Amino acid sequence: MPILRSHRFLTAALTAIFLAGCNGREPAQPQPAASQPAATGTVAPPAVPLASLPKIDGAAILQTIKVMSSDKFQGRAPGTIGEDLSVGYLETQFRDLGLEPGNPDGTYIQKVPLVGITGSEAKPLTITKAGETGTMKWKDDVVAWSKHVADGASIEKSDVVFAGYGVEAPEYGWDDFKGTDVKGKTIVVLVNDPAIPDPADPAKLDPKMFGGNAMTYYGRWTYKFEQGARKGAAAVLIVHETLPAGYPFSVVQGNLNEKFDLVAPDKNMAKANIEGWITLDAARRLFTMAGQDFDTLKKRAISKDFTPVPLGLKASMAIRNKLRTIDSRNVIAKLPGSDPVLKDEYVVYSAHWDHLGVGAAVNGDTIYNGALDNASGVATVLEIARALKQARPQPKRSFLFLMVTAEEKGLLGSEYYSLNPLYPLAKTAANINIDGVNQWGRTKDISVVGLGASELDDYLRQAAQEQGRTLTPDPEPEKGFYYRSDHFNFAKQGVPALDPDSGIDYIGRSAAWGKAKRDEYTDKDYHAPSDQVKADWDLSGAVEDAQLLMAVGYRVANADRMPEWRAGNEFKAKRDAMLRK
Ligand SMILES: [Zn+2]
């Protein structure tokens, strides 16, 4: 079961993590040595030792961070002067580094049209059953919205069906729908992965199903809405429970603020008319009205034999939308590979250039500078690009350096790229994403969120060994951080993606020290105007991490074949299908 570990998960900061997802990493704890997965030996010995590759320059990284997080850049919000300055700066940097325009149209720009939607209740969520009527209170009982790019959306006397966890996962032999037609219906689903007890120890989760304690993508709330839409549901309502969700309902209520999305050619009409959450109390009332018991049906939902339960209720609701559009931009450069054939395959480094812009004053400061989040990632990718250009022998595959917009608005720039790739995803060997770097000195380890997902881990482990360092798994896999930054959009489309994070074991420091520093950042600086360059920053650890990530990309670019997902990974089927074509 996901555990609510920290009181800080009840803070406003989480609202932002929940909404945007970036870099809101919980402080990590050192893992026992036994949790270090063994090398699998799928990676050939390096032809060029790490020590012979070009060096990463920490001063250059710091300089870029200072520029992009300066007050002049106004917090880099999409659609503002901060965007113009950021995009202009990145174009100049790419040009100065001698990198080619990454867009085949000859520019460094990929346009990303965004929509901002502010929804309000036009008609309350009303549940009816033969003469009986129940009304859910907006915000208190139900938080709902419509992603349709339209003045509004509604459901009218739509049949209500309990669809268990709303999951269809072939690799686990799991299908909550079993062919049941839910077109035009309102499905009520449970949050997180199906919580299947371990047959050997019912107090634990079955490690063979849905990653055990780790959250798979099937557990993410975004998946539930996507799956509902694929099934043609008119509305998808997730039952909020604090423990498996990982946050209180107050965080969900933050969704009533303006929400951003991409605009699909169909104006997002393929999405459910209404997406939303209901509280556990509201769900209990709804099930009681149907003559059902929530807990009994919830228990039934943890079986492979579950079939959807029509509740004999009808749901009606209407939502009004206020819309605005923002024309934003991804910035992309290319370093062509040297091999006549393999140059048509790509290794993509990514980092989001955007941050929160100008907002509410904290200690008199209104500019959310975003030095760590994520000027640091952008600066690091630029420095890796510079180093890779010097690397000899020249890499065989090509590199793309992709600085995406609107991560803070829901990973939208990377989503746009993944849905409108400038180079075929089947020819995209890997994504390495950097969202925040280590600013407190060297570590004995480097963390990997989703460790074990793909062969990219083997490349990283090998390079780490050359530095005398080890890999640390994500200390809180139950929170599903793998699904919360830009690399995820590559993974979701099937491209193996690496999500490295700062190590946790600082040289010459206690384990508690590293944790305290991370806590301090999350409490004071995360998504606050004080995320600025600090006098005590020490980027020596970040430089080592960048050296590793550069080596990983270089070696992937030179490998005999592209890296693969591990068997059983939820994105493997998509990749395999893509490569068969
Ligand atoms: Zn952020």
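Visitor: In which helix is Thr64 found?

Guide: Thr64 belongs to helix 2, residues 58-68. Residues are numbered from 1 along each chain as its sequence is written, and side-chain values use heavy atoms, with hydrogens and water left out.

Thr64 is buried, because its relative accessible area is 7%. Buried means under 20%, exposed means over 50%, and partly exposed lies in between, for a 1.4 Å probe and protein chains only. What does Thr64 touch? Leaving aside neighbours within four places in sequence, Thr64 is in contact with Tyr89, Ala379 and Leu382. Contact means heavy atoms within 4.5 Å.

Follow that list to helix 9, which spans residues 371-390. Helix 9 packs against helix 14 (residues 540-558) at an angle of about 55°, and the axes are 10 Å apart. Axes are lines fitted to C-alpha atoms, for helices over the stretch in contact, and angles run from 0 to 180 degrees between N-to-C directions. At that angle, helix 9 is oblique to helix 14. Under 35 degrees counts as roughly parallel, over 145 as roughly antiparallel, 65 to 115 as roughly perpendicular, and the rest as oblique. The crossing of helix 9 with helix 14 is right-handed. That term applies if the near helix is turned clockwise from the far one by less than a right angle; anticlockwise is left-handed.

Now the residues at this contact. Helix 9 brings Thr380, Ile384, Ala387 and Leu388. Helix 14 brings Ala546, Leu549, Met550 and Tyr554. They divide into 7 nonpolar, 1 polar and no charged. Ala, Val, Leu, Ile, Met, Phe, Trp, Tyr, Cys and Pro count as nonpolar; Asp, Glu, Lys and Arg are charged; the others, Gly among them, are polar.

Check the backbone too. Most residues other than glycine have a negative phi, and most peptide bonds are trans. The bond from Asp373 to Asn374 is cis, with omega near 5°. Asn374 has its place in helix 9. Another cis bond joins Arg392 and Pro393, with omega about -5°. Pro393 sits in the loop between helix 9 and strand 18 (398-404). Beyond strand 18, on the way to helix 10 (412-419), the loop holds Ala406. Phi of Ala406 is near 55°, a positive value in a residue other than glycine. Ala406 is buried, with a relative accessible area of 0%.

For contrast, take Lys322 in strand 14, residues 309-335. Lys322 counts as exposed, because its relative accessibility is 60%. Beyond four places in sequence, Lys322 is in contact with Gly116, Ile117 and Thr118.

Last, confidence. pLDDT is the predictor's confidence in each residue, from 0 to 100. The mean for the protein is 91, and 93% of residues reach 70 or more. Over residues 1-40, pLDDT stays under 50. Where pLDDT is low, the predicted coordinates should not be read in detail.

Notes. Predicted model: local features only at pLDDT ≥ 70, side-chain atom pairs only at ≥ 80, totals over all residues. Helix = DSSP H or I, 4+ residues; strand = E, 2+ residues; numbered from the N terminus.
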